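This report goes through selected residues and chain-level values of the structure shown below.

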Amino acid sequence: MSDLILKNIQNSIYLMPIRAIQFYETVLEDWTAIEHLESGSNFRITSITKQNSKGANVTLGYRVELTANVAHNDYANNGLIERLNRINSADFQLHFKMGYGDDIIYTPPKMINYNNKQKIVIENTKIVMEFESVELRPRMILKATQFIKNLENIFY
Amino acid sequence: MSYIALMFSATELFELTYNPALTDSEQRLYDTITPKATLVNRTVDEGVLLSGRRYSHLIHKHFEWDITISADELNTSDVEFIENFLDSPFKYISTHNGTSWSNYIQVISNSGRTPIDYIEGLEDLPEITLNLRKVLSE
C-alpha cells in the first residue's frame, strides 16, 4: 500500500452542480433524460450503523437518497408521467448527473459554474413522483432511495 | 481486537488446540458486535423442607455465549457457513483474548429456525444471533 495525502487545494476541489437525472431501461435499452433540474435537487448518502461492544459505530451499509426537482410541467402533453410509470415497472438504472459531459445520446444544454463531472448510478430502485406548486407554476419532485452495501460502485 | 472463532467438524475432536490453518469452509473468525463474554448458567435444585427451611443446591453450571454477528461481517457465504455450523453434530468455538486463542470448546445451539434477522427489513443487512452453550459442565 502507498500513502494517500490530500493536501493541495488547487485543481483538487471541483464545481459539479447537479444537472440532470437520467433513466436507462436495461431491457428496452431506452434512455429518458431530464435536464435543467431546479435548485433544491440534491443527493444524500447516509450510513446505517450499529454500535459494537466497544462503543464504536460499525457501518453496515449506506442509504442513497436522490431528489430531483423537475421544471418541465406540461404533464398532459409531455408524456413524462406515463414514461416514468413504465420505467418504474421495469429494470432500470438511475443516473444522477453532476457537472457537464459524459452524455450518450444527446448534447446537453450549456451550463455554467462547473469544471468537472461526476455521476451517481444506482439500480434496483423505484421512483416516487410528487407534485407541488411554486410561485407561478407546478413542478414535479422525483425521489429515489436505495440501500447499497458499500461505496465502491456508485460514483463514476 | 478480540475475535470468536466458529468451527465445526463431522467427527468429535480429540485435539482441542486452536488450529489457525483450517479452511474457510471449516472455521471462520468474527469480531461480533456483542460482548464476547463467557456467561455462566447455573442449574440449582431448590425447594422448601418440611421444617420450612429453604434450600438451593447447585447441581451443575454451564458456560454460554450470546453472540451477534451483524451485517458488516455477513455475506452470503458466511450465512451458508453458519447454516452448516448449526447443522453439524460437533460445533466448537474458540475465543481470542487479545493475545492468544483458547482451546476449542464444544458447544451446542438452540433448536428451531436459523436465528437470522434483517435490519430495517433489508435483505442486504442480515444479522445472526447465536446462543451457544458449552457441552460439558464446570
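A:Glu135 is exposed, with a relative accessible area of 83%. The model is a predicted one. A:Glu135 sits in the loop that joins S7 and S8 of chain A. Although A:Glu135 is not a glycine, its phi is positive, at about 50°.

A second residue of this kind is A:Asn113, with phi near 55°, a positive value in a residue other than glycine. A:Asn113 belongs to the loop between strand S5 (92-99) and strand S6 (117-123) of chain A. Its relative accessibility is 56%, so A:Asn113 counts as exposed.

## Salt bridges in chain A

Side chains of opposite charge can pair when their charged atoms come close. Over all chains, the whole structure holds 13 salt bridges. Among them is the pair A:Glu25 and A:Arg83, whose closest N and O atoms are 4.0 Å apart. A:Glu25 is in strand S1 (residues 18-25) of chain A and A:Arg83 in helix H1 (residues 80-88) of chain A, so this pair ties together parts that lie 58 residues apart in sequence. A:Glu25 is buried, at 1% relative accessible area, whereas A:Arg83 is partly exposed, at 27%.

Helix H1 also takes part in another bridge: the side chains of A:Asp30 and A:Arg86 meet at 3.1 Å, N to O. Because A:Asp30 lies in strand S2 (residues 30-34) of chain A and A:Arg86 in helix H1 of chain A, the pair ties together parts 56 residues apart in sequence. A:Asp30 is partly exposed, with a relative accessible area of 26%, and A:Arg86 is partly exposed with 33%. A network of salt bridges links A:Glu25, A:Asp30, A:Arg83 and A:Arg86.

## A bridge between S7 and S8

A salt bridge also joins the side chains of A:Glu130 and A:Lys143, at 3.5 Å from N to O. A:Glu130 is in strand S7 (residues 127-134) of chain A and A:Lys143 in strand S8 (residues 137-148) of chain A; the pair links distant parts of the chain, 13 residues apart. A:Glu130 is partly exposed, with 32% relative accessibility. A:Lys143 is partly exposed as well, with a relative accessible area of 33%.

## Chain B as a whole

Chain B has one helix and eight strands. Read from the N terminus, its elements run β-β-β-β-α-β-β-β-β. The C-alpha trace of chain B spans about 60 × 40 × 30 Å along its principal axes. Of the contacts in chain B with a separation of 6 or more, 65% are between residues 24 or more positions apart.

Chain B has 138 residues, and buried residues make up 39% of them. The chain exposes about 8,100 Å², and carbon and sulfur atoms supply 50% of that area. Chain B carries 10 positive and 21 negative charges, with mean positions 14 Å apart.

B:Glu73 lies in the loop between strand S4 (54-69) and helix H1 (76-87) of chain B.

The side chain of B:Glu73 does reach the backbone nitrogen of B:Asp31, at 2.7 Å. Not counting residues up to four places away in sequence, B:Glu73 touches B:Leu29, B:Tyr30, B:Asp31, B:Thr32 and B:Asp78.

## A buried glutamine in chain B

B:Gln27 is in strand S2 (residues 27-30) of chain B. The relative accessible area of B:Gln27 is 5%, under the 20% limit, so the residue counts as buried.

What does the side chain of B:Gln27 make polar contacts with? One partner is the side chain of B:Tyr18, at 3.3 Å, and another is the side chain of B:Tyr104, at 2.5 Å. Both tyrosines are also among the contacts of B:Gln27 beyond four places in sequence.

Terms used:
Residues are numbered from 1 along each chain as its sequence is written. Chains are lettered from A and ligands numbered from 1 in the order in which they are written. This is a predicted model: local features need pLDDT of at least 70, side-chain atom pairs count only at pLDDT 80 or more; totals for chains, interfaces and linings use all residues. Side-chain values use heavy atoms; hydrogens and water are left out. Helices (H or I, at least four residues) and strands (E, at least two) are DSSP runs, numbered from the N terminus. Buried means under 20% relative accessible area, exposed over 50%, partly exposed in between (1.4 Å probe, protein chains only). A polar contact is a pair of N or O atoms within 3.5 Å; within protein, one must be able to donate a hydrogen and the other to accept it, and residues adjacent in sequence count only if both atoms are side-chain atoms. Contact means heavy atoms within 4.5 Å. Accessible areas come from the Shrake-Rupley method with a 1.4 Å probe; for residues, only the protein chains shown count as cover. Lys and Arg count as positive and Asp and Glu as negative; His and the chain ends are not counted. The place of a charge is taken as NZ of Lys, CZ of Arg, CG of Asp or CD of Glu.
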